[in-house]
Amino acid sequence: MPVHVELRDDRSEKIRYNSPDYPIYIRRGLLSSYPNFTAPCHWHDDIELIAVLDGKMTYNVNGTLVEIEGGEGIFVNSRQLHFGFSARRQECDFICVLLHPILLCAMPETERNYVMPIVQNAGVPYRKLGDGIPWQREALKIIREMNRSKKSGAAPLRIQAGFFELWALLYENLSVETRSPKPESLDLTITKNMVGFIQQNYTRKISLAEIAASGSVGQSKCCKLFSHYFQKSPMQYLIQYRLNKSIDLLRDTDLSITEIALATGFDGGSYYAETFRKWLGQSPSAYRKQGPKTV
């Protein structure tokens with residue numbers, strides 16, 4: 001199934017947890033299930049954990065590109081701008097775990113002394129996890145065990161216990177200097193605002209000037225930020241976001257190609273089909289027929 005992105009008022013992603021009673025989301029997926037082998041760019045309050053089982057992907061965290069291969073993974077801190085992709089369209093089989101930090105905050109002292117120093121620290125946007133370092137190897141083992149535990153009768157307890165264990169590993173292996181609070185950069189905040197504006201207004205015609213204004217910057221600054229964080233222009237980001245949303249409609253509805261085009265901000269069916277073909281190498285109708293890939 002395609003991954004839908006629902007936004008909160010602050011334009012962060014609203015996670016659809018496995019159970020509405022526990023802020024836990026775990027799935028095993030293939031990178032090819034995303035259009036053009038590229039997941040949507042997003043951010044959320046939750047901690048994101050990735051363990052690559054086979055293949056490889058590139059993870060973009062706040063514009064920094066991190067290569068992750070089989071047996072490796074990544075910890076992405078709360079409210080970081082991130083997404084995984086393969087520029088060469090290579091397959092990647094991976095586990096994705098999202099856990100809200102509130103699961104760690106049973107006591108005020110725990111929250112104040114151990115959770116917030118990391119969660120609210122822009123100096124710790126991510127940590128790559130490799131098999132060659134003992135504590136990171138243990139963290140990857142915990143992520144895989146969380147995935148195995150998700151269908152057990154005591155899944156929330158086992159997963160939360162694993163989250164505590166992984167957090168202790170992370171805390172103990174960060175330097176004292178790293179644990180010192182560091183605020184989010186202004187450029188990242190501006191970029192989040194502009195991305196959120198696109199995600200909330202993609203169905204209508206929007207201009208570069210409007211995107212820039214949503215971040216309270218000029219058009220030149222706007223273009224520089226998109227180039228830094230996404231390696232593409234604001235309008236390229238807008239078009240690809242529209243195409244991503246059109247994929248959801250192709251898979252989940254019986255709407256015609258023209259109806260999908262108009263619903264996702266394109267001027268008409270012909271222009272949409274031409275743009276889609278340039279992006280994915282096939283027509284929207286052909287893509288609809290092939291269906292999603294699953295593990």
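Which residues does tryptophan 167 touch, not counting residues up to four places away in sequence? In this predicted model, tryptophan 167 touches Ile47, Phe75, Leu104, Tyr114, Val115, Ile118 and Val119. Trp167 is also listed, together with Leu49, Leu99 and Met146, among the residues that have the most contacts inside the largest nonpolar core, a set of 32 residues. At least two residues of this core are supplied by each of β3 (24-30), β4 (47-61), β8 (92-99), α1 (108-119), α2 (134-149) and α3 (155-172), and the largest share, eight residues, comes from α3. In soluble globular proteins, nonpolar side chains tend to be buried together.

The chain as a whole contains 10 helices and nine strands. Its radius of gyration is 20 Å, which is close to the 19 Å that the globule rule gives for 295 residues, so the chain is as compact as a globular protein of that length. Along its principal axes, the C-alpha trace spans about 55 × 45 × 35 Å, and buried residues make up 50% of the 295 residues. Of the contacts in the chain with a separation of 6 or more, 70% are accounted for by residues 24 or more positions apart.

Two contacts between helices can be described in the same terms. The axes of helix α4 (residues 186-201) and helix α6 (residues 219-230) come within 10 Å and cross at roughly 95°; because angles of 65 to 115 degrees count as roughly perpendicular, α4 is roughly perpendicular to α6. On the side of α4, the residues that meet α6 are Asp187, Leu188, Ile190, Thr191, Met194, Val195 and Ile198, while α6 contributes Lys221, Cys222, Leu225, Phe226, Tyr229 and Phe230. By class, this contact of α4 with α6 has 10 nonpolar, one polar and two charged residues.

Several residues in loops complete the description. Arginine 79, in the loop between β6 (73-76) and β7 (82-85), has a positive phi of about 65° although it is not a glycine, and with a relative accessible area of 26% this arginine is partly exposed. Arginine 89, in the loop between β7 and β8, likewise has a positive phi, near 60°, in a residue other than glycine, and its relative accessibility of 40% counts as partly exposed. Isoleucine 133 and isoleucine 102 are 31 residues apart in sequence, and their C-alpha atoms are 28 Å apart in space.

Note on methods. Residues are numbered from 1 along each chain as its sequence is written. This is a predicted model: local features need pLDDT of at least 70, side-chain atom pairs count only at pLDDT 80 or more; totals for chains, interfaces and linings use all residues. Side-chain values use heavy atoms; hydrogens and water are left out. Axes are lines fitted to C-alpha atoms, for helices over the stretch in contact, and angles run from 0 to 180 degrees between N-to-C directions. Helices (H or I, at least four residues) and strands (E, at least two) are DSSP runs, numbered from the N terminus. Angles under 35 degrees count as roughly parallel, over 145 as roughly antiparallel, 65 to 115 as roughly perpendicular and the rest as oblique. Contact means heavy atoms within 4.5 Å. Ala, Val, Leu, Ile, Met, Phe, Trp, Tyr, Cys and Pro count as nonpolar, Asp, Glu, Lys and Arg as charged, and the others, Gly among them, as polar. A nonpolar core is a set of buried Ala, Val, Leu, Ile, Met, Phe, Trp, Tyr and Cys residues joined through side-chain atoms within 4.5 Å. Buried means under 20% relative accessible area, exposed over 50%, partly exposed in between (1.4 Å probe, protein chains only). The radius of gyration is taken over C-alpha atoms; the globule rule is 2.2 Å times the number of residues to the power 0.38.
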